Amino acid sequence: MTSPRPIAADRPWERRSAGDGSGLILLSWIGTVTAVVTCGVNAVTGDRDAYLLSAGPALVLFAAGSGAFLWAFAVAVQRSRHEVIGVGGLYFLAGCAPPAVQRSMLASLGVQATVPLGVAVARPFTAFGVLAPMWALGLAGLWGARHGRFPARRDEGHGGDASADPSDAADCTADES
């Protein structure tokens with residue numbers, strides 16, 4: 001296990017004001033429960049007038065998830081000046097998060113993707129529910145951008161430019177604090 005790096009003044013993403021990221025995990029599951037319940041009610045009732053019940057929350061989850069996705073990307077761009085960040089590590093937490101965090105975030109994403117899709121197949125007017133997984137994906141990316149551990153870029157003496165071997169991106173270690 002690696003020890004936490006000191007927080008550098010030029011790396012504001014390392015300021016751990018959000019703690020260990022458990023709030024992001026909780027928010028992801030709240031969105032999952034919201035998507036499942038609203039889609040499930042529409043699937044069970046079959047009430048065409050209540051389809052807005054799943055469309056409204058799904059659109060909100062999609063919009064907020066898109067915002068989180070872009071926020072994660074912006075943080076990752078800043079971090080990429082000093083660290084090698086891969087998309088798999090950033091949004092799917094591959095090797096860059098503790099296994100429990102990765103399992104929880106990906107389980108939330110999986111449920112948000114499969115349940116609304118199944119309901120949309122059975123009741124096509126509930127298809128807005130398939131937009132909801134953007135919420136879990138965006139929050140997983142935000143967790144990775146703020147709390148994931150990525151390998152440092154190496155200065156290989158090419159005119160002072162920092163560069164790294166992209167194959168090192170899989171050698172991530174997670175922040176378990």
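This is a short tour of the structure above, stop by stop, with what to select and what you will find there.

**Before you click**

You have a predicted model open, so local features here need pLDDT of at least 70, side-chain atom pairs count only at pLDDT 80 or more, and totals for chains, interfaces and linings use all residues. Residues are numbered from 1 along each chain as its sequence is written, and side-chain values use heavy atoms, with hydrogens and water left out.

**Stop 1: the whole chain**

Start with a cartoon view. The protein chain has 5 helices and 2 strands, where helices (H or I, at least four residues) and strands (E, at least two) are DSSP runs, numbered from the N terminus. Along the sequence the order reads α-α-α-α-α-β-β.

Of the 177 residues, 40% count as buried. Buried means under 20% relative accessible area, exposed means over 50%, and partly exposed is in between (1.4 Å probe, protein chains only).

**Stop 2: the nonpolar patch**

Select Val33, Val37, Val41 and Leu53, which make a nonpolar surface patch of about 300 Å². Patch members have over 30% relative accessible area and no salt bridge; nonpolar side chains (Val, Leu, Ile, Met, Phe, Trp, Tyr) are joined within 5 Å, and like charges within 9 Å. A salt bridge, for the record, is a side-chain nitrogen of Lys or Arg within 4 Å of a carboxyl oxygen of Asp or Glu. Which helix gives the most to this patch? That would be helix H1 (residues 22-45), with 3 residues.

Zoom in on Val41, which sits in helix H1. Val41 counts as partly exposed because its relative accessibility is 34%. Setting aside neighbours within four places in sequence, Val41 is in contact with Gly46 and Leu53.

**Stop 3**

Buried or exposed? Thr38 is buried, at 9% relative accessible area. A polar atom of the Thr38 side chain lies 3.3 Å from the backbone oxygen of Ala35. Beyond its neighbours within four places in sequence, Thr38 is in contact with Leu53, Ser54 and Pro57.

Now select Thr32, also in helix H1. Thr32 is buried, with a relative accessible area of 2%. Apart from neighbours within four places in sequence, Thr32 is in contact with Ser108, Val111 and Gln112.

**Stop 4: Leu139**

Jump to helix H5 (residues 133-147) and pick Leu139. Leu139 is buried, at 4% relative accessible area. Which residues does Leu139 touch, not counting those up to four places away in sequence? Leu24, Leu27, Ser28, Ala68 and Met105. For another distance label, Leu139 and Leu109 are 9.6 Å apart, C-alpha to C-alpha, and 30 residues apart in sequence.

**Stop 5: the aromatic pair**

Rings of Phe, Tyr and Trp (its six-membered ring) pair if their centres lie within 6.5 Å; planes under 30 degrees apart count as stacked, over 60 as edge-to-face and the rest as tilted. By this rule there is 1 aromatic pair. Show Phe69 and Tyr91: their ring centres are 4.2 Å apart and their planes at 15°, so the pair is stacked. Phe69 is in helix H2 (residues 52-79) and Tyr91 in helix H3 (residues 87-92), so the pair ties together parts that are 22 residues apart in sequence. Phe69 counts as partly exposed at 25% relative accessibility, whereas Tyr91 is buried at 5%.

**Stop 6: a positive phi**

Last, select Leu93, in the loop between H3 and helix H4 (99-122). Leu93 is not a glycine, yet it has a positive phi of about 55°. Leu93 is buried, with a relative accessible area of 0%.

Methods. Accessible areas come from the Shrake-Rupley method with a 1.4 Å probe; for residues, only the protein chains shown count as cover. A polar contact is a pair of N or O atoms within 3.5 Å; within protein, one must be able to donate a hydrogen and the other to accept it, and residues adjacent in sequence count only if both atoms are side-chain atoms. Contact means heavy atoms within 4.5 Å.
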